[in-house]
Amino acid sequence: MSRSELQQQLWPSTFVLETNLAGLIAEIRRALRDTADSPSFVRTMHRFGYRFIGDVNEADAPLLSGEAAVKYWLVWETRQVPLTEGDNIVGRGADASVWIDAPGVSRHHARVVVQRGEATLEDLGSKNGTYVGRDRVTIPRRLADGDQVRLGSVVITFRIPQLPGATETAP
């Protein structure tokens, strides 16, 4: 896709700098452990845009019967970042699982640990603190859907999407 097509899809009717797209592509590459020099998933098409070059397998990890697909998300501004099982480092460091490039956010600001069907948040000794609502996080704290997490001056929302139920018929 061309850079302009990507920007229109990601940020319709909003002006953003081209560096925002480059930063987002870098974040995708980090998550996929891909590199621009020797790509396996995202190739830069110089002076045009980006191309997905990975193999797609729709049924790589089928669920065991009766196992629910619980996913957790952190929502920041217009981005939704999925959390993986285990440790998810939140910060502005290049190696952070959840990259928040904002002043006041430490390189390794906080950690969200997802295990056994729940998520807990802990501060990693950040300078500006980690808060859930107005409460400072000093020990690991279990997160609930809709919790507002503040990292310095940045507010992100913890989300647990509800599994779809039956479609309600309109009257």
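1. R159 and D145 form a salt bridge in which the closest N and O atoms are 3.5 Å apart, a salt bridge being a side-chain nitrogen of Lys or Arg within 4 Å of a carboxyl oxygen of Asp or Glu. Because R159 lies in strand 13 and D145 in the loop between strand 11 and strand 12, the pair ties together parts that are 14 residues apart in sequence. R159 is partly exposed, with a relative accessible area of 38%, and D145 is likewise classed as partly exposed, at 35%; here buried means under 20% relative accessible area, exposed over 50%, and partly exposed in between, with a 1.4 Å probe and protein chains only.

2. On provenance, this is a predicted model, in which local features need pLDDT of at least 70 and side-chain atom pairs count only at pLDDT 80 or more, while totals for chains, interfaces and linings use all residues. Residues are numbered from 1 along each chain as its sequence is written, and side-chain values use heavy atoms, with hydrogens and water left out.

3. The structure holds six salt bridges. One of them joins R111 to D87, with the closest N and O atoms 3.8 Å apart; since R111 lies in strand 7 and D87 in strand 5, this pair ties together parts that are 24 residues apart in sequence. D87 counts as partly exposed, at 47% relative accessibility. R111 also meets the side chain of E122 in a salt bridge, at 3.5 Å from N to O, and this pair links distant parts of the chain, with E122 in strand 8 and R111 in strand 7, 11 residues apart.

4. Strand 5 (residues 86-91) runs antiparallel to strand 7 (residues 110-115), to which five bridges join it, and D87 has V113 of strand 7 as its bridge partner. Strand 7 pairs in turn with strand 8 (residues 118-123), in the antiparallel sense and over six bridges, and there R111 has E122 as its bridge partner. Two residues separate strand 7 from strand 8 in the hairpin that they form, and R116 in the turn has a positive phi of about 50°.

5. Within it, four bridges join strand 12 (residues 148-151) to strand 13 (residues 154-159), and R150 stands opposite V155 in strand 13.

6. The largest nonpolar core has 23 residues, and those with the most contacts inside it are L74, L83, I100, V112, L121 and I156; such a core is a set of buried Ala, Val, Leu, Ile, Met, Phe, Trp, Tyr and Cys residues joined through side-chain atoms within 4.5 Å. The elements giving two or more residues to this core are strand 3 (72-76), strand 4, strand 7, strand 8, strand 12 and strand 13. Leaving aside neighbours within four places in sequence, L74 has contacts (heavy atoms within 4.5 Å) that include L83, V90, V112 and I156. A second, separate core of eight residues includes L21, L24, I25 and V42.

7. In helix 2, the buried residues are L21, G23, L24, I25, E27 and R29, and what covers them includes helix 1 (3-10), strand 1 (42-45) and strand 2 (49-52). Helix 2 is followed by R33, whose phi is positive, near 55°.

Note on methods
Two strands pair if DSSP finds at least two bridges between them.
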